[in-house]
Amino acid sequence: RKYKFTSYQACPTLEVYMLASQYEPHIEVYCLANDWQEEVFTAGQTIHLDQLNLKLSIDEVYEGVF
C-alpha cells in the first residue's frame, strides 16, 4: 500500500488520494495541499474536498454497506 502511494505522488496532476475501508466506516485522505498529511474520517464526519468542490458524508458513502 505504501509503495502505491509513493508511486502515485509522482503523478503531477494528482491532488487527492483516498483509501476507503471495506470493513468499517473509515476513510483516509491525503491531499497535496496539506503536504500529503493523513486525515482520517469516520462515521458521522464529512470530508470537504475543495479541489473538487465536493463534500462527502461518511455515513452516505457507507450507506447500505454495513
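Strands β2 and β3 form a hairpin, with 6 residues between them. In the turn, Asp-35 has a positive phi of about 60°. The model is predicted. β2 covers residues 26-31 and β3 covers residues 38-42. The two strands run antiparallel and are joined by 5 bridges. Within this pairing, Ile-27 stands opposite Phe-41 of β3.

β1 and β2 run antiparallel and are joined by 5 bridges. Here Met-18 has Val-29 in β2 as its bridge partner. In general, strands of a sheet pair through backbone hydrogen bonds, parallel or antiparallel.

The protein as a whole holds 2 helices and 5 strands. From the N terminus on, the elements run α-β-β-β-β-β-α. The C-alpha atoms fill a box of roughly 35 × 25 × 15 Å, taken along the principal axes. Of the 66 residues, 24% are buried. The accessible surface comes to about 4900 Å², and 50% of this surface belongs to carbon and sulfur atoms. Among contacts between residues at least 6 apart in sequence, 25% join residues at least 24 apart.

Aromatic side chains form the next topic. A search of the whole structure finds 5 aromatic pairs. In one of them, the rings of Phe-5 and Trp-36 have their centres 5.7 Å apart. Their planes stand at 85°, so the pair is edge-to-face. Phe-5 lies in helix α1, whereas Trp-36 lies in the loop between β2 and β3. The pair therefore ties together parts that are 31 residues apart in sequence. Both Phe-5 and Trp-36 are buried. Tyr-8 and Tyr-17 provide another pair, with ring centres 5.4 Å apart and planes at 55°, so this pair is tilted. Tyr-8 is partly exposed, with a relative accessible area of 38%. Tyr-17 is buried, with a relative accessible area of 9%. One aromatic cluster is formed by Phe-5, Tyr-8, Tyr-17, Tyr-30 and Trp-36.

The cysteines were examined next. The count of disulfides comes to 0. Cys-11 is in no disulfide, and the nearest cysteine sulfur, that of Cys-31, is 15 Å away. A disulfide needs the two sulfur atoms within 2.5 Å, so the 15 Å between the sulfurs of Cys-31 and Cys-11 is too far for a bond. Cys-11 is partly exposed, with a relative accessible area of 35%. Cys-31 is buried, at a relative accessible area of 5%.

Thr-13 lies in the loop between α1 (2-9) and β1. With a relative accessibility of 63%, Thr-13 counts as exposed. Thr-13 and Leu-32 are 19 residues apart along the chain. Their C-alpha atoms are separated by 9.9 Å.

Methods: Residues numbered from 1 in each chain as written. Predicted model: local features only at pLDDT ≥ 70, side-chain atom pairs only at ≥ 80, totals over all residues. Heavy atoms only, no water. Pairing = 2+ DSSP bridges. Helix = DSSP H or I, 4+ residues; strand = E, 2+ residues; numbered from the N terminus. Buried < 20%, exposed > 50% of the residue type's maximum accessible area, 1.4 Å probe, protein only. Contact = heavy atoms within 4.5 Å. Areas by Shrake-Rupley, 256 points an atom, 1.4 Å probe, with all protein chains shown as cover. Phe/Tyr/Trp six-rings, centres within 6.5 Å; stacked < 30°, edge-to-face > 60°.
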